[in-house]
Amino acid sequence: MPTLRTLSFAALCAVLLLLLPLRATAQTAIEGETVYTMAGDPITNGVVLLSDGVIEAVGPATDITIPEGYTVHQAAVVTPGLIDTRSVVGLAGIYNIDDDQDQLETSSPLQPELRAVDAYNAQEELVEWLRNLGVTTIHTGHAPGALISGQTMIAKTHGRTVNEAVIDSLAMLSMTLGPQVSSTFDTPGTRSKGVSMLRTHLLEAQAYHEGMQAEDPADRPRRNLQMETTARVLAGEIPALMAVHEVPEIMTALRLADEFGFDLVLDGVAESHQLLEEIQASGFPVLTHAPMIRPSGPTGSAAFDTPAKLHEAGIPFAFQSGFESYVPKTRVVLFEAAVAVANGLPFEAGLAALTIDAAELLGLADRLGSLEEGKDADVVLYNGDPFEYTTQVCGVFINGDHVRDTCL
Amino acid sequence: MRTVLLCLLSLLLAAAPLQGQDQPIAFEGATLHPVAGPPIANGVLVVADGTIVAIGAAGEVDIPAAAERRDVSGKVIIPGLVDTHSHIGRQQGGDRSSPLHPEVRTLDAIDVRDNSMMRARAGGITSVHIMSGSGHLLSGQTTYLKLRHGDVITDLLFCDDPTTDICGGIKMANGTNPIRQPPFPGTRAKSAALQRALFVEAEAYREEMANGTASRDLANEAMVEVLNGDRIVHFHTHTHEDILTVLRMREEFGFNVVLHHVSEAWKVADEIAAAGVPSSIILLDSPGGKLEATNIRWENGRALAERGADVAFHTDDLVTDSRLFLRMAAFGVRAGMDEDAALEALTLAGARMLGLDDQVGSLEPGKDADFVVLSGPPFSVYSLIEETWIEGQPVFDRSDPDDAKFATGGMGTYEHASGHVHGQD
């Protein structure tokens, strides 16, 4: 028989354990020698206060008094949490065996109904790897490789389950044009055939979407998972995320967006430097290929200075890790931006493309991308210039939780 | 008479470029990293006839009166990089007919005109070890190349005569990559048994050679070179148990070996150091991509160097990009490796592992004039490779747009690039 004393001890323990997660999200002060808020000029000797999962205050140390009871952390450089605008991590796992590769279903080239949330593994080791290097938000999901490979989602790199991690369960619809599709499927076997198949599908979805507007429910078409997803693209609810690399594919993507009137996000775009005027005129953003992507086949024209050229042309862009089929299994946007900055992209433009520009591109700038009062408490601490090879990421906060405290 | 004059004139003109090569060049004002000694601020490097003739601080070096003098103040000069493991030049090794191909030479397939060779020059690589893949227990004889400009393989070889000389090492592998359908092995133990049987057969052949009873056998001839210590085994191996299998086999047959990749070096660094076996390692932007690489760590360089084990880096191009070779060592530094050790691991250590350290790998009088001119410190992301020199000749010059495109990439630069990635062949 347990005594009353051991029972009350157990009760105390239970209460303490319940409080633990709260304690982790309690109040934190971060002192940075340089704080890049991405909302105004960098602050020398700045302070960021985190409370209840959001940013409570940001400013110079001379203006902010750290309240009693706040845990204080110090860093040479502080930035907002980094955003990877195109990944497959969580669907594609570290082992690269059949069991952990769920990023591309090859039974059909058109499968818009595949939801990313049904496959995302929040406990995947590569999610942890990205988190430890300052990536706090990922736009992830179905990979390039099919005309329509499935849906994408946006998640924090924190949380035990997809439910805890997800912040947008349907972000975009992943599409691919070009030889990459023909290497996976018997048909389409050519670029033109692929485009005709996609247009046929879009026409069907257009008819479905129009049919669903009928006033009398009896006149509406039967519910169809494929059609209702693609219809959401046509209705302007979500963008088409089109993986294109070579000039003919880029032009085709712009042509399709014009024909069907959907919002387009260009993905990869190794030859974007050949069509800067056309892309800029379209107004559509580019999730630029990782500068260090292997230059081979369709990406043979990729360049370290593509981001610099997009920036100069005034094209909205952000960084992505993309899809890697072998080693390394994921890229890290912090490292990709560093190479872009070393090849002509201004320092602050590089940082913006990892944070506030990426948040705007994903439609989440109201809560992500900068260190501003009321925004999510996603913060990264470094022991030097974030882009230097030898600088380490020494601390990561997500939703105010101190999720990493070791330098990497 | 006029014809004779014209002939003499053309001879003189034809000789002019040669004379240019012979003229000594003095590089003045840069920070020099000889690797063989401490860095020299405001240094002078004198090269002539393709060789380093002097190196030292300004004022302490005799600059020949005839020398062309180049002001490189503010720059940093390091030895030409030695890449101990690369797949540039559209290399090929053995085919699927057997898991063992000691008779196959990569030098018979390398395309020295492929633009991947310029990718390496743009990355400051001056000596490269080109090898075939790891999808075999032994995929073929490897090739050591100097990345001089040249139209044919013989222009780039380290050896004099590919018909009679040893022009590289030999590539072996264990772990998952060579495990395939028969005639390939299905297990690790079978892999080791097949490799040991090859050595046992070579031992018998060596005896026949001594007795004068051996008939020509290309495979056994190469393996006897291995047994005699004249041809180095470059052994692809990842996990700690596979690493120990290589050490065990070396103990049994007594060959010279370099461990390659060595993803789990941090787990058996003591054993590697105790065996006195060098490691040629790779660092990756993320672990995984294959089961064997899930435990790879950036600390591998530090773990080996701290124990006194010889360690070099390699690109495994196109697993990592030759243009970013300096970056890999910088990541070693990020994980605690000493900067001097990291620079040595890009240069002199690699030269030792290829048996070429008497000729390349450091800035010392008498060695080949192979060096790289950087705009800043070697391990900074902001430092650009401005020039790569081999034997006193520039092979990459970033100020020339025709060369610069190979550094940055761009339209058509690597359109038909060789893209060997292990395990996908």
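A residue counts as buried when its relative accessible area is under 20% and as exposed when that area is over 50%. In this predicted model, Met38(A) has a relative accessible area of 15% and is therefore buried. Met38(A) sits in the chain A loop that links strand S1 (28-35) to strand S2 (43-51).

**Backbone exceptions**

Met38(A) is not a glycine, yet its phi is positive, at about 65°. Asp49(B), also a non-glycine residue, has a positive phi of about 55°. Asp49(B) belongs to the loop between strand S2 (40-48) and strand S3 (51-57) of chain B. With a relative accessible area of 56%, Asp49(B) is exposed.

| Cis peptide bond | Omega |
|---|---|
| Pro182(B) to Pro183(B) | about 10° |
| Asp317(B) to Leu318(B) | near 15° |

Pro183(B) is located in the loop that runs between strand S10 (170-173) and helix H4 (188-211) of chain B. Leu318(B) is in the loop between strand S14 (311-313) and helix H9 (325-334) of chain B.

**A loop residue in chain B**

Gln92(B) lies in the loop between strand S6 (81-86) and helix H2 (116-122) of chain B. Its relative accessibility is 53%, so Gln92(B) counts as exposed. Beyond its neighbours within four places in sequence, Gln92(B) contacts Thr106(B), Ala109(B) and Ser132(B). Gln92(B) and Ile110(B) are 18 residues apart along the chain, and their C-alpha atoms are separated by 7.2 Å.

**Helix packing in chain A**

In chain A, the axes of helix H10 (residues 333-341) and helix H11 (residues 347-354) come within 9 Å and cross at roughly 155°. Angles over 145 degrees count as roughly antiparallel, and H10(A) and H11(A) are therefore roughly antiparallel to each other. Their crossing is right-handed. H10(A) contributes Val333(A), Leu334(A), Ala337(A) and Val341(A) to the contact, and H11(A) contributes Phe347(A), Gly350(A) and Leu354(A). Six of these contact residues are nonpolar, one is polar and none is charged.

**Nonpolar cores**

The largest nonpolar core has 183 residues, of which Tyr120(A), Met242(A), Phe262(A) and Phe313(B) touch the most other members. H10(A) supplies the largest share of this core, eight residues.

Conventions: Residues are numbered from 1 along each chain as its sequence is written. Chains are lettered from A and ligands numbered from 1 in the order in which they are written. This is a predicted model: local features need pLDDT of at least 70, side-chain atom pairs count only at pLDDT 80 or more; totals for chains, interfaces and linings use all residues. Side-chain values use heavy atoms; hydrogens and water are left out. Axes are lines fitted to C-alpha atoms, for helices over the stretch in contact, and angles run from 0 to 180 degrees between N-to-C directions. Helices (H or I, at least four residues) and strands (E, at least two) are DSSP runs, numbered from the N terminus. Angles under 35 degrees count as roughly parallel, over 145 as roughly antiparallel, 65 to 115 as roughly perpendicular and the rest as oblique. A crossing is left-handed if the near helix is turned anticlockwise from the far one by less than a right angle, and right-handed if clockwise. Contact means heavy atoms within 4.5 Å. Ala, Val, Leu, Ile, Met, Phe, Trp, Tyr, Cys and Pro count as nonpolar, Asp, Glu, Lys and Arg as charged, and the others, Gly among them, as polar. A nonpolar core is a set of buried Ala, Val, Leu, Ile, Met, Phe, Trp, Tyr and Cys residues joined through side-chain atoms within 4.5 Å. Buried means under 20% relative accessible area, exposed over 50%, partly exposed in between (1.4 Å probe, protein chains only).
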